[in-house]
Amino acid sequence: MAKKSKKPDQKSGPAPTAASVFEYAPAPESRAILDLQPSYGLFVNGEFVEGHGAPFKSISPATEEVLAEVAEADAADVDAAVKVARRAYSRVWSRMPGSERGKYLYRIARIIQERSRELAVLESLDNGKPIKESRDVDIPIVAAHFFYYAGWADKLEFSGYGTTPLGVAGQIIPWNFPLMMLAWKIAPALACGNTVVLKPAETTPLTALLFAGICQQADLPPGVVNIVTGAGATGQALVEHPDVDKIAFTGSTAVGKAIAREVAGSRKEVTLELGGKAANIVFDDAPLDQAVEGIVNGIFFNQGHVCCAGSRLLVQESIAEELLAKLKTRMATLRLGDPLDKNTDVGAINSAEQLARIRELSDIGDQEGADRWSPPCDLPERGFWFPPTLFTGVSQAHRIAREEIFGPVLSVLTFRTPSEAVEKANNTPYGLSAGVWTEKGSLILYMASALRAGVVWANTFNKFDPTSPFGGYKESGQGREGGRHGLAAYLKATKAGE
Ligand code: NAD
């Protein structure tokens, strides 16, 4: 917890518990391992080159310290990247046997493991997420994705989706899991024989540029992976480029819809991984202490900047009081502060813009008559912070129950019967994920078949594995990432048996 602090601007709950006043010695991870450059270029054709747009700064959201200046790719830079990706595709990568492509992916995976501490420190610094999450969740999943898809590279004939790559993939990713989203995009694309031009988010470009260095270290042929940094205009130039065969986008539903409109009628393939508003549903027979851990993980992991965050808690009426009391006690133990401190549970909000969005929607929750509660929690003076927050007295009509807040804010609703829980859970334009907490296997099966969500977790939450497909229904997007299904996004569709 930072020494200089200010109080959050809303009422907070009961007196701190023994756990929340317990003083922990700070245990910051050292930054010494990083070789941070003052400025970074674009990564095109295996080299760092200058961009022709206006360079922008990437800052640490925890301190507002400028970490580096980053080049902006304009339409001509994007064009140059697509051209070298096309050349690398037709001359090198698509001609290489899958077993050889696989060796490069294995090599990248091993370097990610070897440099995992460096990657984790930079991810926490640039994104604001706690080091224990980048170190223990993000980076291991990134390496696992490269290992997993390396294994597919010479086995595509067993994929069920053919063996022919699409060509050049334009990939656009958000800021909440910068390296993980990069891995989910690049690993399957390369395994299938495509080359890529990837645009990271403008607030978190640095680990993608570190990854570019890993591609150099792995001797990946030039042009196979290209990284163009910039904001929406750079992404748009990639989407509009006539020689891109596929657009793979992860981000907000609004931008996803605009991209779908842009590519409609073109020959481009498109997959969209968009927003979510997951229900985490707790029945009266659930093991409540475990459910509380799952609720906390579901909404406060990564500050709630998670597309599949369990942002709507649906709790069976008969246990609501007991569960909420336990949840508040647990929330009071969450430590918010320096993302590089190994004790930190809740890090910084990624940007001033995102903080403003979270504040605005939370204020609307107040105006709509819901009851806001946060544990006593000092917020650091500098940087972007929002305390773990709970809204009770929420109804289906409230905007905090309908809209994605993408922050550490949980809306609580109650239900009486399983069918009412299903009706409330499905009453959303999104359909990415859901959680079910009960001892009854039959109820889990009923809920899993009735919930319109791409992933349903039972008695757990936020479990990711490269072998398991992930993706949404309705406005949460189209297409799947991960697993065998994730190969379909990067192979030319063939008829069964072809
Ligand atoms: P965003 O849509 O604002 O930006 C995402 C990316 O798109 C960024 O790189 C951005 O620069 C780029 N972009 C913006 N405008 C563009 C345009 N017109 N054309 C092309 N590219 C453009 O989203 P965000 O705020 O960065 O990310 C948060 C959103 O991402 C949330 O809604 C979250 O649910 C979603 N998300 C979904 C998944 C999933 O797997 N479904 C995973 C992570 C995040």
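Which side chain meets that of Lys83 in a salt bridge? In this predicted model, the partner of Lys83 is Asp79, with an N to O distance of 2.7 Å.

## Salt bridges

Lys83 and Asp79 both belong to helix α2, which spans residues 75-93. Because the two residues are 4 positions apart in that helix, about one helical turn separates them. Side chains of opposite charge can pair when their charged atoms come close.

Between domain 1 and domain 2 the count is 2.

## Domain arrangement

The protein is divided into two parts: domain 1, made of residues 39-274 together with 476-490, and domain 2, made of residues 276-458. Domain 1 is therefore assigned as two segments of the chain, whereas domain 2 is assigned as one. A distance of 30 Å separates the C-alpha centres of domain 1 and domain 2.

## The interface between the domains

On the domain 1 side, 27 residues are in contact with domain 2, and on the domain 2 side 30 residues take part. The area buried between domain 1 and domain 2 is about 2,300 Å². Carbon and sulfur atoms account for 56% of that area.

Polar contacts across the interface of domain 1 and domain 2 involve 14 residue pairs, with both residues of each pair at pLDDT 80 or more. Helices α4 (116-127) and α5 (131-152) each provide at least two residues of the domain 1 side that touches domain 2. By residue class, this side of domain 1 has 11 nonpolar, 9 polar and 7 charged residues. A salt bridge also joins the side chains of Lys132 and Asp345, at 2.4 Å from N to O.

## Ligand surroundings

How many residues surround the ligand? The number is 28, and the closest are Ile173, Glu202, Ser252, Leu274 and Glu404.

The side chain of Ser252 places an N or O atom 2.6 Å from an oxygen atom of the ligand. For Lys199, an N or O atom of the side chain is 2.9 Å from a ligand oxygen atom. Leu274 takes part through its backbone: one of its polar backbone atoms is 2.7 Å from a nitrogen atom of the ligand.

Methods. Residues are numbered from 1 along each chain as its sequence is written. This is a predicted model: local features need pLDDT of at least 70, side-chain atom pairs count only at pLDDT 80 or more; totals for chains, interfaces and linings use all residues. Side-chain values use heavy atoms; hydrogens and water are left out. Contact means heavy atoms within 4.5 Å. Buried area is the accessible area (1.4 Å probe) that two parts lose on being put together, summed over both. A salt bridge is a side-chain nitrogen of Lys or Arg within 4 Å of a carboxyl oxygen of Asp or Glu. A polar contact is a pair of N or O atoms within 3.5 Å; within protein, one must be able to donate a hydrogen and the other to accept it, and residues adjacent in sequence count only if both atoms are side-chain atoms. Ala, Val, Leu, Ile, Met, Phe, Trp, Tyr, Cys and Pro count as nonpolar, Asp, Glu, Lys and Arg as charged, and the others, Gly among them, as polar. A residue is near a molecule or strand if one of its heavy atoms lies within 4 Å of it.
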